[in-house]
Amino acid sequence: MSIFSKYEPLARSLAAVTHGGGRNPFSVVIDHPISSTVGVIEGRETLLFGTNNYLGLSQSEAAIEAAIDTLRTHGVGTTGSRIANGTQGLHRQLEERIAAFFRRRHCMVFSTGYQANLGMISALAGKDDYLLLDADSHASIYDGSRLSQAQVIRFRHNDADDLHKRLRRLDGTPGAKLIVVEGIYSMMGDVVPMAEFAAVKRETGAWLLADEAHSVGVMGEHGRGVAESCGVENDVDFVVGTFSKSLGTVGGYCVSDDDGLDLIRLCSRPYMFTASLPPDVIAATMAALSELEQRPELRHRLMDNARRLHAGLNAIGLRTGLQASPVVSVVLDEIDEAVRFWNRLLDLGVYVNLSLPPATPDQHPLLRTSVMATHDAAQIDQAIEIFAIVARELGLGQ
């Protein structure tokens, strides 16, 4: 028996997606970027509407120069984990910068955003504790819950009342209760009603962790995310996020005012047993953070662009989520329909993400777009027009 036999259903599903010579949507290669908004795919200039590069800072000149300078002085890597030889002065400097940005006392930096969730959730919740997870939580949150061995209770998506009911049933039960929510959910772009969850947290005595990966740099007066925009930062015990969205680099972090965070460095396996971020990435991240702080107009332009794309896709009769956020997904009914739509968009010069069940809410296939502050109005309108052309070809929309 082949060790890969268990993946035969997956192989059949992939074959169905690529049937008839269609592309494999999970192995698209961006040959090289021309700018933050345009890249070369299959030899053609293509509008990028699927990169999560919300502020366009992956192409920041300041970040590029900081990375080059640091490569010359610090080399290309650390060759060790944070608890061995992998902590340099730059790592501590970055943690101080991130903590100051969030106005928190402590920060831990991880090598990826995925590891930040994996490492924090698995270390904070033990086998005698309870994790209360939104039904639409990211895979990293569910993977962290498995590693933690805590008891997992799911509540309805963005439903604070349902969470409250489930916590009341645990009243008097031994063990800590950790609520995990996201600021902006990555599939549909819907925003958490953070103030409602903060109220439940206060009333029940639970702990609250917010994954603000898609909302830092996007929401709040200073770009600190949904907790800031809702005025409930003091109610969020732990904020987890990533550098690979608004900051345009790679890495993850957790910030907190709780002094116990430093103990997590000695019991979080994804932190302890992974090589630390290379110095050039740290330097680029700090430069990008400075731009995020000093250029609030990027956030404002981003949200203007999000509203323009959301309204335009709805105007041509396509179904999206109710909220305009930097993630705007078109909801379709059939996988085959979504695959054909996605392929034609790429043929006509627009790259978006194809998201398929079971990774999507309500088992609907999605054409997931992400907007940037650096998109101009003409690019957004061009993308909408190409969506309209393909919709007409497939008999969808208006």
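Which residue stands opposite valine 240 in S9? In this predicted model, the residue opposite valine 240 is aspartate 211.

## Strand S9 and its neighbours

Strand S8, which spans residues 207-211, is joined to S9 by 3 bridges, and these two strands run parallel. S9 is also joined to strand S10 (residues 252-256), here by 4 bridges and in an antiparallel arrangement.

## Burial of S9

Strand S9 covers residues 238-242, and because 5 of its 5 residues are buried, the strand is largely enclosed by the rest of the structure. In a regular strand the side chains alternate between the two faces of the sheet. For S9 both faces are covered, with Phe238, Val240 and Thr242 buried on one side and Val239 and Gly241 buried on the other.

## Helices H12 and H14

Two packed helices are described by the angle between their axes and the distance between the axes. For helix H12 (residues 297-315) and helix H14 (residues 377-393), the axes come within 10 Å and cross at roughly 20°. Because angles under 35 degrees count as roughly parallel, H12 is therefore roughly parallel to H14. The crossing of these two helices, H12 and H14, is right-handed.

On the H12 side, the residues that meet H14 are Asn305, Arg308, Leu309, Gly312 and Leu313, while H14 contributes Ala377, Ile380, Asp381, Ile384 and Phe387. Sorted by class, this contact of H12 with H14 has 6 nonpolar residues, together with 2 polar and 2 charged ones.

Conventions. Residues are numbered from 1 along each chain as its sequence is written. This is a predicted model: local features need pLDDT of at least 70, side-chain atom pairs count only at pLDDT 80 or more; totals for chains, interfaces and linings use all residues. Side-chain values use heavy atoms; hydrogens and water are left out. Buried means under 20% relative accessible area, exposed over 50%, partly exposed in between (1.4 Å probe, protein chains only). Two strands pair if DSSP finds at least two bridges between them. Axes are lines fitted to C-alpha atoms, for helices over the stretch in contact, and angles run from 0 to 180 degrees between N-to-C directions. Angles under 35 degrees count as roughly parallel, over 145 as roughly antiparallel, 65 to 115 as roughly perpendicular and the rest as oblique. A crossing is left-handed if the near helix is turned anticlockwise from the far one by less than a right angle, and right-handed if clockwise. Contact means heavy atoms within 4.5 Å. Ala, Val, Leu, Ile, Met, Phe, Trp, Tyr, Cys and Pro count as nonpolar, Asp, Glu, Lys and Arg as charged, and the others, Gly among them, as polar.
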